[in-house]
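I wanted a record of how one chain is built and how it meets a neighbour. These are my entries, in the order I looked things up.

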Amino acid sequence: MVKKSSSIIVGIVSRAIVPFIQLFALYVIVHGHSSPGGGFQGGALLGASILLLRLTVGREGSELVFPERMGTPMSGFGVFIYAFVGVAAMIGGGVYLNYAFLPIGGMQPAELRSLGILLVETGVGIGVMATMIVIFDDIAKGNFHD
Amino acid sequence: MTLYLEIIIYLLLIGCAIIALRVKDLLAAIVVLSAYSLCSAFLFAVVGAVDVGFTEAVVGAGLSGLLFLAALFYTSRKSAD
Amino acid sequence: MLLVYAATELPMRGSIDAPCNVDSSLTGTPGASTYYIRNAQKEMNTPNMVTAILADYRGYDTLGETTVIFCAGIVVFLILRKLKDGKKI
């Protein structure tokens, strides 16, 4: 379905606004320690920016930003990051998902927990972004009505 | 002051919900539903749950509207009644 | 109507006397929220308490939430995908 929008204003404005949305989404994920935000919100913003490209620029242009076949592997990869951080804490000697035992030397337990939160939020962000794109792509590709 | 703001946002919420139910054009209904989600996000922010308001603004006003649009392009434009 | 009548008796939002905010419950067990407020900044070096609770104290919860979203994407992919040779599932 996703075909190029006919209006030139919509195309240029959306192409100009998308990098700022993505920068803000990265800020939300990384700065989630001390301001409202986190992995879910940042991932949803990233997904929304790419879906905006899918709607306005068309499939050929937005394939360069996020290829369609990468959707499902990326969403699995996000969940894998989360689970792997828990397993890494088990390797370091703690219980599952106890970030104070991450096997990284030379850091206080409080800093290690902060780092673990950052890693986990990154995983959640990647998973949510890829899942939103997968859902939209499959709905747009399905052609189930005609 | 906060109470008056809350009452105004509640009235906006009820108005948006009624308009979204009554309007015939489904595209307009989607837009009004996004406005409903935005008012709901403002309400969460006023109450003090900024994270929940942020999530509501991103998912409710952005992504669900987008997915509704994608579903709408495959079906007929006008509501049946 | 009954719910509206019951809602008038609820404690105010953010009240320190509300049962979810007191230091120890009626049976004497310590409350969770006061522990989080006192220790979240000290234990994990993050000023935003909501992120700390979501990602660290309630890590299993967030893991389940992420898995649910992933499963939703997988189900949509399995139902709506287009097979190569055009046959039905």
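I took helices to be DSSP runs of H or I with at least four residues, and strands to be runs of E with at least two. The model is predicted. On that basis I listed 5 helices and 0 strands for chain A. Along the sequence, chain A reads α-α-α-α-α.

Next I checked overall dimensions. The C-alpha atoms of chain A fill a box of roughly 55 × 30 × 20 Å along the principal axes. Of the contacts in chain A with a separation of 6 or more, 64% join residues 24 or more positions apart.

Then I looked at one helix pair. How do H1(A) and H2(A) cross? The axes of H1 (residues 8–30) and H2 (residues 39–56) of chain A come within 9 Å and cross at roughly 165°. Angles over 145 degrees count as roughly antiparallel, so H1(A) is roughly antiparallel to H2(A). The crossing is left-handed. Residues of H1(A) that meet H2(A) include A:Val18, A:Ile21 and A:Phe24, and among those on the H2(A) side are A:Leu45, A:Leu46 and A:Ser49. I sorted the residues of this contact into 12 nonpolar, 8 polar and no charged.

Last, I looked at the neighbour. I recorded 32 residues of chain A in contact with 26 residues of chain C. On the chain A side, H4 (71–91) and H5 (109–142) are the elements that give two or more residues. H5(A) gives the most, with 17 residues. By class, that side of chain A has 14 nonpolar, 13 polar and 5 charged residues.

Note on methods: Residues are numbered from 1 along each chain as its sequence is written. Chains are lettered from A and ligands numbered from 1 in the order in which they are written. This is a predicted model: local features need pLDDT of at least 70, side-chain atom pairs count only at pLDDT 80 or more; totals for chains, interfaces and linings use all residues. Axes are lines fitted to C-alpha atoms, for helices over the stretch in contact, and angles run from 0 to 180 degrees between N-to-C directions. Angles under 35 degrees count as roughly parallel, over 145 as roughly antiparallel, 65 to 115 as roughly perpendicular and the rest as oblique. A crossing is left-handed if the near helix is turned anticlockwise from the far one by less than a right angle, and right-handed if clockwise. Two residues are in contact if their C-beta atoms, placed from the backbone, lie within 7 Å. Ala, Val, Leu, Ile, Met, Phe, Trp, Tyr, Cys and Pro count as nonpolar, Asp, Glu, Lys and Arg as charged, and the others, Gly among them, as polar.
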